[in-house]
Amino acid sequence: MSGNAGVIIVGAGECGARAALSLRENGYRHAITLIGDEVHLPYERPPLSKQILLDVTEPKLPAVLSDSVLAKYAIQHICGASADAIDASGKQLMLSDGRAMPYDKLLLTTGATPRRLPNAPASSRILYLRTIEDAFALRSLIRADMHVGVLGGGFIGLEVAASARSRGAKVTVIEFQERILKRGVPEPIAEAITALHQRNGVTVKCGVTVLGIEANEWRVDISLSDGDEMSADVLVVGIGAQPRTELAAQAGIAIDNGIAVNECLETSVTDIYAAGDCCSFPHPLYGGRRLRLEAWRNAQDQGILAAANLSGAAQSYQAVPYFWSDQFDHTLQIAGLVDEGCLVVRRDLGDGAFILFHLDDDRRLVAASGVGPGNKIAKDIKLSELLIARRVTPPIEALTDANLKSLLPRAA
Ligand SMILES: Cc1cc2nc3c(=O)[nH]c(=O)nc-3n(C[C@H](O)[C@H](O)[C@H](O)COP(=O)(O)OP(=O)(O)OC[C@H]3O[C@@H](n4cnc5c(N)ncnc54)[C@H](O)[C@@H]3O)c2cc1C
């Protein structure tokens, strides 16, 4: 470290909070300031589409850090203030409340924001889901006599659909692609998830576009390309998220589908790092391909790695991408990157659970995806992650029924 101004972390979400804790755990002795534009303690987002919506009692903020931990670790948390500008040459950060804060090193963990529906009318019945306020607003509208429309058959839309249906609401999912989960999820898994929703009474409409929306403070009327005129009490829009890059872009930091960082999570400007949903990074397991992940584990792992590098290490980010989603009593998990054109080998695990192994042209295992009730697929996905990390080229027959653990020593 050059001076004593310390580290400032912009964005008090999963990644920023994890980075702040890790810095102290690594023995960092100077000031750590965590700045967030939300008014809360840092909190987890995965429960927002699941437990918070399902909880019939009054749910609490799923906080990641408490005030006592912040005090114990001497982390200054400034909440309800946004960082508006970076003076990279003077090493200062300007806050919305007028403060200018000096830093030695800066970490940007600004996350992502839901993609907005163009030309949608203003209505409190058209909702997005990213913050705890969004989740509470949606929760208050989910009742058994309500019709919940969900625009977008991605993870967030489908989790909301499952939660709303589990609370007894009538639910319709509208997806413009010919199937749900088109991005990064293989077709057999999307089919299993569609069947799961249909079994539970969700209407899933694919290949259907929205022709028009009219809304007031009580209902949303949607004209669909299949001729249906749908009336919903609430419409949840889950059509993807965009990285929050505005602060970085204003400072002249390179942007490439997110704040562009190198394998050590350094941006194009000296002493400024970025991590989590907001950044894109090259991944050595996938030929250095630049990825941007919106996944809880990635936010955690990159926060930890950024903290190590802010403290003087020069570690490169190599973690196998991992994502999970809970819908009804099923869990879907993906380790690695699912690409078109891979050889796919299926392993059945009973009770309808299965895993797909994805092998590249050299027969290297590059991804494993699976779905099943409870934690039926968890162990095999965990083992697959280890095999992917070790760049294993497994015998194909072994993938269908051998104990995956037995494939590990070959890789060691
Ligand atoms: C509803 C929902 C369900 C999810 N479920 C899953 C799941 O089941 N499995 C999974 O793997 N992942 C899931 N995710 C994704 C996971 O939660 C995210 O990948 C993770 O939260 C990313 O953490 P982050 O810290 O990078 O960004 P965020 O959590 O978005 O935190 C960024 C913070 O920075 C703040 N900020 C931005 N700009 C500024 C600024 N200029 N000044 C001050 N503050 C700023 C933002 O307001 C925000 O508080 C889910 C996400 C959502 C929204």
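Biologist: In which strand does S231 lie?

Modeller: S231 belongs to strand 15, residues 229–232; strands (E, at least two residues) and helices (H or I, at least four) are DSSP runs numbered from the N terminus. This is a predicted model, in which local features need pLDDT of at least 70 and side-chain atom pairs count only at pLDDT 80 or more, while totals for chains, interfaces and linings use all residues. Residues are numbered from 1 along each chain as its sequence is written, and side-chain values use heavy atoms, with hydrogens and water left out.

Biologist: Why is S231 called partly exposed?

Modeller: Buried means under 20% relative accessible area, exposed means over 50%, and partly exposed lies in between (1.4 Å probe, protein chains only). S231 has a relative accessible area of 35%, so it is partly exposed.

Biologist: Leaving aside neighbours within four places in sequence, which residues are in contact with S231?

Modeller: Contact means heavy atoms within 4.5 Å. With those neighbours left aside, S231 is in contact with H147, R219, V220 and D221.

Biologist: What makes helix 8 largely enclosed by the rest of the structure?

Modeller: Eleven of its 15 residues are buried, so helix 8 is largely enclosed. The buried residues include N298, L305 and L310. Among the elements that cover them are strand 1 (7–10) and helix 1 (14–25).

Biologist: How does the reach of helix 8 compare with the expected span?

Modeller: The expected span is 1.5 Å times one less than the number of residues. Helix 8 has 15 residues and reaches 21 Å from its first C-alpha to its last, close to the expected 21 Å.

Biologist: Which residues line the largest cavity?

Modeller: On a 1 Å grid over the protein atoms alone, a cavity is a set of points where a 1.4 Å probe fits but cannot get out; a pocket is an open set with protein on both sides within 12 Å along at least five of seven lines; and lining residues have an atom within 4 Å of a point. The largest cavity is lined by R297, N298, D301, Y317, A319, V320, P321 and Y322. Helix 8 (residues 296–310) gives the most to this lining, with three residues.
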